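Let's take a walk through this structure together, one piece at a time. Keep the viewer open and follow along.

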Amino acid sequence: MPTILKRQGIDVPLLLFALLLTVYGIAMVFSAGQTDAVSGAYATLWQRQLGFFLVALCLAYAIMQGSVRLIEWAAWPLYLFSCGLLVLVLFVGTGAGTAASMKSWLSIGGYRIGQPAELAKLATILMLARVLAARRESPRALLELWQPLLVVAVPWLLVLAQKDVGTAIVFIGICFVMLFWAGVSWPVLLMLASPGISLLLAFSTGAWGAWFLLLGALMLWYRPYLLEGATLMLANVSMGIIAPILWERLNPYQQNRLLVFLDPSYDPLKAGWNVFQSKVAIGSGGLVGNGFTLGSQKRLQFLPERHTDFIFSVVGEELGFIGVSIALTLFLALFLRTTRVASRANDAFPSLVAMGILAAWMVHVIVNIGMTLGLMPVTGIPLPFFSNGGSFLMVSWMSVAVLLRISAEGRGLPDGLGL
Amino acid sequence: MSFHPNEVLRRARVARGVVMAVFVALGGAFFRTQVLQNAEYVLQSEKNRLREVPLPGARGIIYDRKGEIIAENLPGYQVSIISPTVDSLRSALVALSRIVPIDSTQQEQAVSRFRRSPKRPAVIFPDASFEVISMLEERRVEFPGLIIQSSPKRYYPDAVAMAALIGYTGEISPEELLLPQYSDYKPGQEVGKAGLEKQYEVKLRGTEGRRFVEVDARNRVVRDNGVRADEAPEAPPPLRTNLDLDLQKYAHEYFGDSLRGAVVALDPRTGGVLALYSAPSYDVNRFVGGVSGKYFKSLLDDPGKPLYNRALQGTYAPASTWKLATAVIGLQRGLVTMDSRMPQPCSGAFYYGRVFKCWNHSGHGDVTLAQAIAKSCDVYFYQLGLKIGLANLVAGGVKLGFKDRTNIDLPNERRPAWPESIDYFNKRYGPRGWNQSVVLSLAIGQADNSQTPLNMARFYTALATDGAAATPQIVAQTPARAQILNLTTEQLQGLQLALADVVSRGTAAGAQIQGLTIAGKTGTAQNPPHPDNAWFVGYAPANNPTIVVAIMIEEGLHGSAAARVATKMMERYLKAKLTLTTVTND
């Protein structure tokens with residue numbers, strides 16, 4: 001079987017890592033449904049997830065029958081389509097579960113068919129790759145980046161309008177990683193990030209002042225255009241001013257999440273409850289865990305959002321540090337394999353797409369897994385291949401398919417690390 | 001854009017470095033949480049899921065001196081419920097009340113128990129009937145937090161005979177919880193409320209066991225056995241007492257329903273309390289775990305005042321039984337011998353400012369001290385009192401312990417009343433409100449003198465033995481005796497002979513028992529406007545006393561009536577003793 005796949009140009013390790021992660025994930029969704037609850041509403045979710053997986057495999061197979069050219073061609077329509085859905089969802093979106101206030105679901109006739117934001121991530125990656133690949137030179141100035149930034153800004157703002165902070169962070173991650181991969185220099189990336197950093201540092205006057213000194217030094221050294229430098233400084237100043245206003249505009253639960261992140265002992269009975277119980281679950285797992293399906297934190301429902309946001313806490317509780325290590329190793333292997341795909345792609349577009357997909361997954365993994373340990377704020381973004389949810393699994397496997405296609409068309413050159 | 005292979009390789013190296021750094025950091029964070037901090041989180045996880053259900057421990061069994069059971073434990077059931085909040089407790093109570101009757105008081109009690117310690121299951125029925133248990137067991141699935149467990153119930157086989165000393169147990173009250181001696185008690189636990197149960201709480205208290213149930217995030221019980229090994233409750237070793245259950249029951253029978261009074265029986269050599277009874281009595285079993293308002297009210301309304309412990313708290317003028325104290329003070333001061341006569345023979349009355357009558361209006365004639373004791377001649381003792389003088393008589397009484405509690409090992413003993421000095425009269429009646437004639441009344445055990453039957457029994461333990469009074473003790477085996485009579489052997493023997501004469505040919509002659517020499521003194525205390533109270537304090541066998549009995553019958557008219565009961569009890573005790581071996585405390 002592997003030889004047949006190889007002959008067809010299939011990247012066997014990549015496929016294997018993704019398959020193992022998905023099987024692992026479905027097993028955890030099954031386990032998450034095994035509770036002492038009177039109603040077994042979640043007990044059969046794994047079957048649905050398995051069904052979605054089979055559909056996702058078919059979709060992936062279909063994509064692999066195409067070519068990178070076709071994917072590149074599809075970038076525009078897909079991008080417009082997903083942006084259209086994001087706009088639509090602003091008006092007809094419905095909330096789900098604990099995130100009821102986030103109108104991020106698209107439903108027809110009361111039946112939820114998916115989260116357009118998931119598709120928008122892939123579409124934005126494709127579109128951004130197209131725009132960046134079309135350029136001959138690496139940009140030296142921020143103003144030259146208006147096209148790629150616009151491509152990200154549209155879906156990003158639409159997602160922000162849904163108050164989906166987690167997904168918005170993913171877009172920022174995608175944007176920076178792909179710009180980096182496109183050869184944008186460090187000073188430019190730093191300048192681009194500076195308003196955001198200002199926004200975060202504005203809550204401490206001292207830190208903000210220090211940041212301004214650093215930024216000034218950077219400008220003296222890099223010497224951007226006058227207009228560009230002035231705009232940048234203005235942006236930083238205004239960010240510092242609007243930060244408190246923006247804070248006021250956040251929902252109380254979002255404020256709580258950020259406060260809990262900064263100080264986990266803050267109101268542990270309410271806002272910190274989820275993170276606290278997640279840490280208890282993970283910590284009590286020990287080296288080998290309590291055994292598959294046997295975690296008491298999960299079984300007795302102390303652990304919230306067991307199927308989705310906190311599914312990795314179930315891994316930690318039931319399979320221990322060993323189970324966690326296996327999952328992390330699989331993710332690491334998949335990601336390193338993805339960088340290989342990116343570095344061996346035969347053109348700028350596929351290379352950028354591979355890196356964009358890696359960026360999206362990385363942000364998901366860092367934010368989601370970091371959140372289960374209280375290292376990241378609780379933003380409620382799912383863990384790829386693990387979290388229960390059809391559209392996200394589908395998009396993840398579409399991404400895998402795109403990577404496999406790129407890999408198949410890539411150069412056979414060994415890269416520096418020999419991976 | 002720059003996609004020269006060398007550029008791409010350089011950036012790929014950076015990307016791989018970042019990815020690996022991120023995963024190493026995540027792995028490290030999980031290692032720290034799962035391996036290094038594991039114990040801490042395991043503890044927290046256990047705390048999350050386990051709730052402790054206390055298993056009440058049985059209290060220690062109380063035995064009498066022969067090994068008869070005075071207090072024991074019967075199997076009982078307790079119903080409690082685990083609730084996350086007061087609101088859910090209330091709604092559970094409402095739901096439960098559709099199956100078994102729970103009145104509003106019980107509901108409020110359960111809520112207040114929950115408020116006082118929300119971590120423990122709130123007790124609904126401390127002592128549930130088998131009926132309630134079977135009804136609840138049937139529908140148990142509907143109430144996941146419901147806990148039914150055995151809870152030993154205190155029981156006194158001879159509750160009515162024992163009421164004066166045994167006390168009872170009940171749930172610790174919020175007020176008691178604040179006291180330092182109950183600092184390690186938790187709400188809902190059982191505690192001795194009175195009598196021996198309270199006095200020996202430390203020795204009688206059972207050690208509470210623990211059971212664990214598993215609850216979910218909403219505090220509903222998911223599993224209630226095999227979660228963790230139970231810790232079994234433990235009962236303390238039994239408490240052995242000096243009491244004689246047979247004698248106690250005999251006293252109860254003798255007093256019956258109509259007589260009111262008290263009896264105390266002591267072993268004069270050790271101070272061991274053989275019996276302590278107050279009549280009328282009541283069923284102390286009905287007090288265990290909380291007395292019903294109806295029963296309590298019926299006891300309060302009873303004209304016989306059964307809740308009034310006459311043996312410990314009842315103080316009565318000791319009347320002629322106190323003449324021995326006057327005699328002792330006179331002998332100690334060398335004012336009289338057993339053969340001394342008084343200047344004025346008894347003609348039935350004595351004039352000192354006014355006429356003081358003798359109980360025998362026809363008079364006793366010229367009598368010695370020994371005869372005066374046997375005949376209980378008031379006129380003789382009036383003159384002896386005058387001879388001693390008020391100050392000396394008062395001081396002598398204080399020395400003999402008539403102003404002090406006996407320090408029996410029971411709570412709530414009342415202090416007897418006796419003037420501490422002449423100042424007492426000044427304070428009480430004003431400097432001109434009294435005169436020396438009070439010494440006449442004091443000398444015959446009247447006026448400002450009221451003693452508990454227990455204290456009179458204590459005084460006679462000194463007369464019965466070598467002049468040392470024994471502290472009454474229910475549990476302790478080591479005698480605590482104090483020499484209070486400062487008399488020569490001849491003087492003491494003279495008094496003892498006179499006391500024996502009281503029963504053989506004196507005022508208690510009608511109370512003789514065949515084959516038993518009994519010594520003692522009757523007393524007939526004026527109790528206006530009511531009929532006289534009857535006293536008898538004595539001991540037997542007269543030559544080597546092993547029992548002292550003090551008995552007081554309210555409105556018993558004459559001491560000879562009391563003497564008949566007392567001598568019967570002595571007979572009962574001494575004859576039973578010949579056939580039964582005693583059980584020693586270990």
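Strand E2 (residues 62–63) of chain B and strand E12 of chain B run parallel to each other, paired over two bridges; strands here are DSSP runs of E with at least two residues, helices are runs of H or I with at least four, and both are numbered from the N terminus. Two strands count as paired if DSSP finds at least two bridges between them. In this pair, Ile62(B) sits opposite Leu239(B) of E12(B). Both strands belong to an open sheet of four strands in chain B, in the order E7-E3-E2-E12, with mixed pairing. Its edges are E7 (153–155) and E12 (239–240) of chain B, each of which pairs on one side only. As a reminder, strands of a sheet pair through backbone hydrogen bonds, either parallel or antiparallel.

A word on what you're looking at: this is a predicted model, where local features need pLDDT of at least 70 and side-chain atom pairs count only at pLDDT 80 or more, while totals for chains, interfaces and linings use all residues. Residues are numbered from 1 along each chain as its sequence is written, and chains are lettered from A and ligands numbered from 1 in the order in which they are written.

Now zoom out. Chain B holds 20 helices and 21 strands. Its radius of gyration (taken over C-alpha atoms) is 35 Å, well over the 25 Å that the globule rule (2.2 Å times the number of residues to the power 0.38) gives for 586 residues, so chain B is more spread out than a compact globule. The C-alpha trace spans about 145 × 50 × 50 Å along its principal axes.

Where does chain B touch chain A? The contact takes 35 residues from chain B and 44 residues from chain A, with two residues in contact if their C-beta atoms, placed from the backbone, lie within 7 Å. On the chain B side, helices H1 (5–36) and H2 (38–49) each supply at least two residues. H1(B) gives the most, with 19 residues.

Back in chain B, look at strand E19 (residues 519–527). Seven of its nine residues are buried (20 or more other C-beta atoms within 10 Å of their own, with C-beta atoms placed from the backbone; 12 or fewer is exposed, and anything in between partly exposed), so E19(B) is largely enclosed by the rest of the structure. E19(B) pairs with strand E20 (residues 530–540) of chain B in the antiparallel sense over eight bridges, and the two form a hairpin with two residues between them. Thr522(B) stands opposite Phe536(B) in E20(B).

Further along, Leu574(B) lies in helix H20 (residues 559–579) of chain B. Leu574(B) has 17 other C-beta atoms within 10 Å and is partly exposed. Setting aside neighbours within four places in sequence, Leu574(B) is in contact with Leu516(B), Ala540(B), Pro541(B), Thr546(B) and Ile547(B). The C-alpha atoms of Leu574(B) and Ile547(B) are separated by 8.1 Å.

One last stop, in chain A: 13 of the 17 residues of helix H7(A) are buried, so H7(A) is largely enclosed by the rest of the structure. After H7(A) comes Gly183(A), whose phi is positive, near 100°.
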